[in-house]
Amino acid sequence: MTADTTEGGEEKFDSWIAHNTTYIDETKQILSEYVEHQSFEKLKERVREDNILNKQTSKYRRDVLREVARLYIPSKGEFVETPLMRAVTSGVDDSIIDWLIYYEFSQNHLLYTLTTELLYPEYTAGTMYIEAGDIQAFIRQLEDDHPEISEWSQSTIEETSTKYLSSLKNFGLLKGVQRKEFAVFYVPDEVIAYVFYQIIGDEQSTVEEIVEHPDWRLFLFDTSEVRRRLEGISPRYIRYERRGSTERIEPEFDNIREVIDEFQY
């Protein structure tokens, strides 16, 4: 067992979102700068000393860089271009990039669990509003399988719940002030393609594995909506065929980087 897993081998939850805001615009600027210089040390200099983010205090500049790096920069020692970095510097519309940032942001284990196991079921059940108290109660329910939660103070759980809802509002899935309501939103085709290629990776996946993958729940898609959206990106990004009970989904490209390059055309 590592320090980041429970006794059952499951990844531990962390409450980092309690100290984090979404930083959507800052993420795009920092990742673009990182790709340009291909050096974390140079990036740090540009953020902290040259103040490319135009933030008044050095502490704020450090905090933003730390959080963005934690989320989206896998290595500070050597330059590694992630699919998100490639997309950010591809020149595609900001609305696409914002959704890709949301998708990668939501890979945090706690965020992923809250959205796929609480928010998605509430949405499909027709729930109108979600409040911080609902999130707090759900986190407490997770404590049996995740004893690390017992070490969190009540204020940490409250702040985590509030920041989670605020983040989803910033990304456009929710709206409202105290009580958050599900918003009406549209996920661009390019994002559907990106998620598809992230799901399949380098492995052979069945139609059921693709369509039923929990990543789609991050966008509040049920399986019928997933099929509709996959059909909508065929044949440009994938090859999708459905004839009666027979269904086939095959990639059009060898990897996600090729797909991102296609976004520009």
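The mean positions of the 30 positive and 52 negative charges of the chain lie 5 Å apart; Lys and Arg count as positive and Asp and Glu as negative, while His and the chain ends are not counted. Each charge is placed at NZ of Lys, CZ of Arg, CG of Asp or CD of Glu. This is a predicted model, in which local features need pLDDT of at least 70 and side-chain atom pairs count only at pLDDT 80 or more, whereas totals for chains, interfaces and linings use all residues. Residues are numbered from 1 along each chain as its sequence is written, and side-chain values use heavy atoms, with hydrogens and water left out.

**Overall form**

- The chain holds 12 helices and five strands; helices (H or I, at least four residues) and strands (E, at least two) are DSSP runs, numbered from the N terminus.
- The chain is as compact as a globular protein of its length, because its radius of gyration is 19 Å, close to the 18 Å that the globule rule gives for 265 residues. That radius is taken over C-alpha atoms, and the rule is 2.2 Å times the number of residues to the power 0.38.
- Taken along the principal axes, the C-alpha atoms fill a box of roughly 60 × 45 × 40 Å.
- Of the 265 residues, 46% count as buried; buried means under 20% relative accessible area, exposed over 50%, and partly exposed in between, with a 1.4 Å probe and protein chains only.
- The chain exposes about 13700 Å², and carbon and sulfur atoms supply 42% of that area. Accessible areas come from the Shrake-Rupley method with a 1.4 Å probe, and for residues only the protein chains shown count as cover.
- Among contacts in the chain with a separation of 6 or more, 64% come from residues 24 or more positions apart; contact means heavy atoms within 4.5 Å.

**Helix α3**

- Helix α3 covers residues 58-72, and its 15 residues should span 21 Å at 1.5 Å a residue, which agrees with the 21 Å between its end C-alpha atoms. The expected span is 1.5 Å times one less than the number of residues in the helix.
- Its buried residues are Arg61, Asp63, Val64, Leu65, Glu67, Val68, Ala69 and Tyr72.
- The buried residues of α3 pack against α1 (24-37), α2 (40-48), α4 (83-88) and α5 (94-105).

**Helix α5**

- The 12 residues of α5 reach 16 Å from first C-alpha to last, close to the 16 Å expected at 1.5 Å a residue.
- Helix α5 is mostly covered, with nine of its 12 residues buried. They are Ile96, Ile97, Trp99, Leu100, Ile101, Tyr102, Tyr103, Glu104 and Phe105.
- These buried residues pack against α1, α3, α4, α6 (109-124), α8 (154-171) and α9 (189-200).

- Val195 sits in helix α9 and counts as buried at 1% relative accessibility.
- From Val195 to Leu100 the C-alpha distance is 8.5 Å, although the two are 95 residues apart in sequence.
- Not counting residues up to four places away in sequence, Val195 touches Tyr103, Asp215, Trp216 and Phe219.
- Gln136 belongs to helix α7 (residues 132-141) and is buried, with a relative accessible area of 17%.
- Beyond its neighbours within four places in sequence, Gln136 is in contact with Gln154, Ile157, Glu158 and Ser161.

**Loop residues**

- Phe253 lies in the loop between β5 (246-251) and α12 (256-262), and at 17% relative accessibility Phe253 counts as buried.
- Phe253 and Arg236 are 17 residues apart along the chain, and their C-alpha atoms are separated by 9.6 Å.
- Leaving aside neighbours within four places in sequence, the contacts of Phe253 are Tyr197, Arg236, Tyr237, Glu258, Val259 and Glu262.
- Pro235 is in the loop between α11 (223-232) and β4 (238-243). The peptide bond from Ser234 to Pro235 is cis, with omega near 10°.
- Asn54, in the loop between α2 and α3, has a positive phi of about 60° although Asn54 is not a glycine. Asn54 is exposed, with a relative accessible area of 64%.
- Leu220, in the loop between α10 (207-211) and α11, is a residue other than glycine with a positive phi, near 65°. At 5% relative accessibility, Leu220 counts as buried.
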